[in-house]
Amino acid sequence: MPKIGRVRFHWTKDLPVGKRADAENRITGARLVKDPLGWHIAFRVQTLEKTSETHQGPEIGIDVGITVPLALSDGATYEHGEWLTNREQARLLGLEQRAARRKKHRTPGERASRQLHHTYDQIAGLRAKAKRRATDWQHKTTTHIARTYSVVVVEALQITNMVKSARGTVEEPGKNVAQKSGLNRSISGEAWGRTVTLLTYKTARQDGTLAKVPAPNTSRRCSACGFTTPGSRETQALFVCKNPDCGWSGNADHNAARNILHLYRTGHALVPAAGRAVARRAPRVKPATAR
């Protein structure tokens with residue numbers, strides 16, 4: 001590396017080096033990156049991908065959630081545990097409390113001590129470890145889904161609006177602020193937007209399709225008879241149709257996933273309107289010499 005010399009590192013992936021490298025598959029660059037977990041080296045690789053055939057897998061609808069991260073319309077689920085172990089969570093809590101105590105005894109305008117900076121670095125390291133584990137799970141899960149299914153249908157969720165604070169204003173204070181804050185943290189922790197982003201390019205790489213459908217009423221509609229009512233989802237996991245002629249009951253997340261797939265099959269996939277992404281050009285003005 002320039003101004004550093006030789007750097008020793010641990011391989012985490014097989015790359016085209018030595019006899020495996022040629023004009024079409026080779027490393028074209030590298031750079032050092034530092035994050036809360038330490039120094040890493042990132043390689044830029046040029047790879048010739050084989051032309052894939054048309055995906056022959058089935059269609060699938062996916063409902064995202066908190067208790068069940070991913071529920072599929074065919075009955076499958078993808079779940080995960082806590083990103084940090086109990087010991088790591090206890091250590092993180094202790095570090096946050098220690099940082100709060102040290103920050104409390106600082107006078108206004110006083111620079112943070114080395115001990116406080118060190119505590120912040122330890123907190124950032126644990127959080128980065130949790131994020132790395134979450135990203136690893138998302139990559140493995142989305143890769144399996146993209147390879148298995150030809151069409152993946154998800155809801156077009158407005159996540160930014162979903163995680164808005166319920167605190168309100170002084171004149172109109174919000175209700176259940178603490179509960180809403182906890183829900184917002186859970187939604188942000190699941191990173192639904194990152195899951196959809198990974199599915200977008202991975203399905204395209206496998207010659208598949210990712211489609212988005214409107215989100216309203218997917219949890220209220222009965223996938224068996226099509227009856228929609230607010231009280232059908234009796235608990236987080238139980239859906240009971242209130243239609244007297246139906247009465248179907250089953251898992252609420254799988255029911256929502258089947259409704260998502262039904263919207264796609266009935267032609268309700270969202271298609272971006274043509275021309276909206278193009279900025280409007282300013283009107284032409286003749287030069288002063290031509291007027």
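What separates Lys140 and Asp136 in helix α2? Being four residues apart, the two are separated by about one helical turn; point 4 returns to this pair.

1. Basis. This is a predicted model, in which local features need pLDDT of at least 70 and side-chain atom pairs count only at pLDDT 80 or more, while totals for chains, interfaces and linings use all residues. Residues are numbered from 1 along each chain as its sequence is written, and side-chain values use heavy atoms, with hydrogens and water left out.

2. Helix α1. Helices (H or I, at least four residues) and strands (E, at least two) are DSSP runs, numbered from the N terminus. Glu88, Leu92, Leu95 and Ala99 are buried in α1 (buried is under 20% relative accessible area, exposed over 50%, partly exposed in between, with a 1.4 Å probe and protein chains only). These residues cover an arc of only 65 degrees around the axis, so they lie on the same side of α1; the arc is that of the directions from the helix axis to the C-beta atoms. Asn86, Arg87, Ala90 and Lys104 are exposed on the other side.

3. The structure holds eight salt bridges (a side-chain nitrogen of Lys or Arg within 4 Å of a carboxyl oxygen of Asp or Glu). One of them joins Glu88 and Lys129 at 3.7 Å, N to O; Glu88 in α1 and Lys129 in α2 are 41 residues apart. Glu88 is buried at 14% relative accessible area, whereas Lys129 is partly exposed at 30%. Glu96 forms a salt bridge with Arg127, with the closest N and O atoms 2.7 Å apart; this pair likewise links helix α1 to helix α2, 31 residues apart.

4. Lys140 and Asp136 meet in a salt bridge of 3.2 Å, N to O. Lys140 is exposed at 58% relative accessibility, and Asp136 is partly exposed at 38%. Salt bridges that share partners also join Glu88, Lys129 and Arg133 into one network.

5. Asp63. This residue lies in strand β3 (residues 59-64). Asp63 is buried yet has no salt bridge, and the nearest side chain of opposite charge, Arg233, is 5.4 Å away (Lys and Arg count as positive, Asp and Glu as negative; His and the chain ends are not counted).
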